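Here is a friendly walk through one model. Please keep the sequence and the 3D view open as you read.

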Amino acid sequence: MSKLSIRDLTVEDREVLMRVDFNVPLDEGAITDDTRIEAALPSIRYLIEGGARVVLCSHLGRPKGEPDPRYSLRPVAVRLSELLGKEVSFASDCIGEDAASGRAQLGRGDVILLENTRFHAGEKSNDQDFARALAGAADYFVNDAFGTAHRAHGSTEGVTRYVEKSAMGFLIEKELKYLCEKLENPERPFVVILGGAKVSDKIEVITSLLEKADCLIIGGAMANTFLHAKGHRMGDSLLEADKSALALDILSKAESKGVKILLPLDTRITQEFKDGAETRVTAPYSEGGEVEDGWEGIDIGDVSIGEFCAEVAGAGTIVWNGPMGVFELTSFEKGTKELAHAVADSQALTIVGGGDSVTAVKKYNLGESMSFISTGGGASLELLEGKELPGVTALTDI
Ligand code: AMP
């Protein structure tokens with residue numbers, strides 16, 4: 001990696017501003033899941049142990065560019081202090097007097113958390129006055145917030161212009177290792193599983209993966225669009241009829257490049273979109289299977305599950321992004337659940353990226369069996385698309 005890492009900085013007695021991802025779920029001010037705080041601990045501890053004066057900043061939720069108490073990071077400072085076993089001070093604004101005096105009081109190894117960066121409109125617009133104020137007197141900047149690294153915001157890109165050096169933290173380093181380095185020369189066969197709601201969200205990633213993968217397995221509602229384009233009746237299934245030409249184009253490009261595309265051979269269908277609803281599996285499409293009006297496809301069928309899992313079992317590298325069906329409802333989860341187990345059982349390098357497949361992996365307690373679970377949905381897709389992330393590009397070159 002040609003960008004500076006946190007390991008390359010000598011931080012003793014230096015003020016280090018670190019962008020972390022403390023965008024945790026809150027329920028009336030109580031943190032309901034502190035996974036993201038835990039994930040930032042290695043970089044924070046490294047700076048503390050190195051004797052830095054540590055200034056942390058993050059966004060939380062979607063405030064409208066002005067203070068909104070519902071999105072205050074104050075509870076996170078309390079939780080972080082418990083996890084670190086040391087005091088973490090808190091500044092009620094990320095720029096201005098309170099932040100400046102809190103930062104000035106830091107000694108070696110002390111930590112301060114600044115209030116939500118998105119309480120200022122300048123964060124998202126990457127306003128340079130805001131970014132300069134946020135950088136303050138920091139010597140170095142560390143970006144460890146992978147989930148927002150695909151955004152050029154004040155706290156991810158702008159600040160890098162006002163510090164001596166900018167480096168990536170351990171979390172971003174690990175994401176790049178798996179999503180870029182390991183996929184440069186993947187162990188083959190390289191199998192990519194794509195699911196979720198819309199083809200239109202994933203066109204770029206599909207196009208880019210056609211250059212690298214040996215096999216694309218397509219499930220979820222996006223598979224309905226392909227099946228519809230191939231002329232199968234899909235009843236009331238969720239699909240994008242206006243993307244038929246695009247779907248056919250993807251199929252023919254795959255064929256000319258020798259990339260195998262596996263679409264569902266059959267589909268689990270229902271008349272009612274609710275848990276406990278009766279479901280059926282269509283006959284295989286090769287035998288005239290179809291989805292009648294009044295029915296909709298909500299998961300891959302049993303023949304498809306068998307075929308997809310067999311393909312996964314023979315893979316050398318697997319990237320999985322997007323569920324096979326509406327796995328949030330128990331009645332419609334079978335395809336996603338069985339495929340998740342197949343991925344977990346495989347000997348391949350297994351990378352799970354994207355919010356919903358990560359939720360599925362956690363639901364089935366399979367996290368430990370995967371080689372790597374990405375922490376960023378949008379950012380991980382952009383890396384797979386081969387794009388640069390502004391929050392990484394802006395870091396200091398080695
Ligand atoms: P995405 O955000 O594009 O990855 O889509 C994830 C969502 O797609 C999940 O909430 C799934 O419930 C939903 N989904 C997957 N398969 C289907 C389907 N066949 N019909 C409707 N929704 C689906």
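## Ground rules

A polar contact is a pair of N or O atoms within 3.5 Å; within protein, one must be able to donate a hydrogen and the other to accept it, and residues adjacent in sequence count only if both atoms are side-chain atoms. The model is predicted, so local features need pLDDT of at least 70 and side-chain atom pairs count only at pLDDT 80 or more, while totals for chains, interfaces and linings use all residues. Residues are numbered from 1 along each chain as its sequence is written, and side-chain values use heavy atoms, with hydrogens and water left out.

## Where the domains meet

Contact (heavy atoms within 4.5 Å) links 6 residues of domain 1 with 9 residues of domain 2. The two domains bury about 570 Å² between them, with 64% coming from carbon and sulfur atoms; buried area is the accessible area (1.4 Å probe) that two parts lose on being put together, summed over both. F146, H150 and L171 supply 74% of the area that domain 1 buries against domain 2, more than any other three residues.

Across this interface, the rule finds 0 residue pairs in polar contact (both at pLDDT 80 or more).

## Around the ligand

Oxygen atoms of the ligand take part in several pairings: one is 2.5 Å from a side-chain N or O atom of E328, one is 3.0 Å from a backbone N or O atom of A197, and one is 3.2 Å from a polar side-chain atom of D356.
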